[in-house]
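Student: I would like to go through the aromatic contacts of this protein. Could we begin there?

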Amino acid sequence: MIKKSFSPERIVSRLQGKGMTFTDSQKASTFFRYNPYYRFREYFLDLIGDERTPEYGKMFTRSVDFKTVQNRYHFDNTIRHVILEPITIFELFLRTSIVEILGRNSPYEYTQENFYNRRKTQNIYNRGRNKTFWDVWNEKLNVAKEKSPVRGLYPNDVPIWAVIENMDFGALEITLKIMKHDDLRIIMDKLNYTGRNRFLNHIAYVRNLRNMCSHHDALWCKDIKTKYQRRGNFSAVIIPWDNTFQSHESQLYGLIMILFYCNQQIAFSEQFWCKRLVDLCKNSITQNDLHKGYGFPNNWQSCDPWCNM
């Protein structure tokens, strides 16, 4: 069946048919004139049951107020902006550390494969195209060089600091993966990480979250590891560096704890974003939705580090 697009008024009418209530239908129509319905619907999928009607499709399991879902929608938009601050701090730390390590002898030594872990560079990155990590990294390296404003100003090549500054986060992740163990250990030690795989997994999760925030993807009920929607329960895990940091690692709360921990190790400035996050979570969403949609523990306000804010 081919689905047709609907006018904002028709969208409101269909939602009413499904069982949603509206205090002001006109304001709701205006909302849908500037906000896509397909994005909005992600915030009420957990309220849809199996009962179906020929005209309206699947129905709400109970009466749902439009304002309730709209509040989830607005909260999600706001928390994305708050989360981008610790991501930026962490990303700048990674860029600075990589430049420091790869440029310690020469600003141009980074182009030589023997400067990296030979076993890692020859691992297959894309089996369909039979490309190694070294092939893909060089492709991303050339893109970064092309974007560099200092390209052509140096006689030998673009220096490492200019290249890393213009690499996307995915390219930084590959750089970390192909580093020699001792070089990667320097960065891990600064953050007090012990396991290489654990560290690189967390880098991948942060990359997913960064991309989701930058591209305005919904974070509600998402598994950040895979970026896909999940409706089931998430098993609680203990982040290994501190038993007080309990999280649902797949959902947003787990990533917030990882970012808090890493930012705490970097510690070049006070983490003002934490206070904004706490105020937002206390005042702008129900605690049930905070637990269901983002994996916050029910007692998160009494847990470290939030109980001190």
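Tutor: The count comes to 26 aromatic pairs, where rings of Phe, Tyr and Trp (its six-membered ring) pair if their centres lie within 6.5 Å, and planes under 30 degrees apart count as stacked, over 60 as edge-to-face and the rest as tilted. One of them joins phenylalanine 40 and phenylalanine 44, edge-to-face, at 6.0 Å centre to centre and 65° between the planes. This is a predicted model, in which local features need pLDDT of at least 70, side-chain atom pairs count only at pLDDT 80 or more, and totals for chains, interfaces and linings use all residues. Residues are numbered from 1 along each chain as its sequence is written, and side-chain values use heavy atoms, with hydrogens and water left out.

Student: Is phenylalanine 40 buried or exposed?

Tutor: Phenylalanine 40 is buried, at 0% relative accessible area; buried means under 20%, exposed over 50%, and partly exposed in between (1.4 Å probe, protein chains only). Phenylalanine 44 is buried as well, at 2%.

Student: What geometry do tyrosine 116 and tryptophan 137 have?

Tutor: Their aromatic pair is tilted, with 5.2 Å centre to centre and 55° between the planes. Tyrosine 116 lies in the loop between helix H4 (66-102) and helix H5 (118-121) and tryptophan 137 in helix H6, so the pair ties together parts 21 residues apart in sequence. Helices here are DSSP runs (H or I, at least four residues), numbered from the N terminus.

Student: And where is leucine 153?

Tutor: Leucine 153 sits in the loop between helix H6 (133-147) and helix H7 (160-165), and is exposed, with a relative accessible area of 64%.

How values were computed: Helix = DSSP H or I, 4+ residues; strand = E, 2+ residues; numbered from the N terminus.
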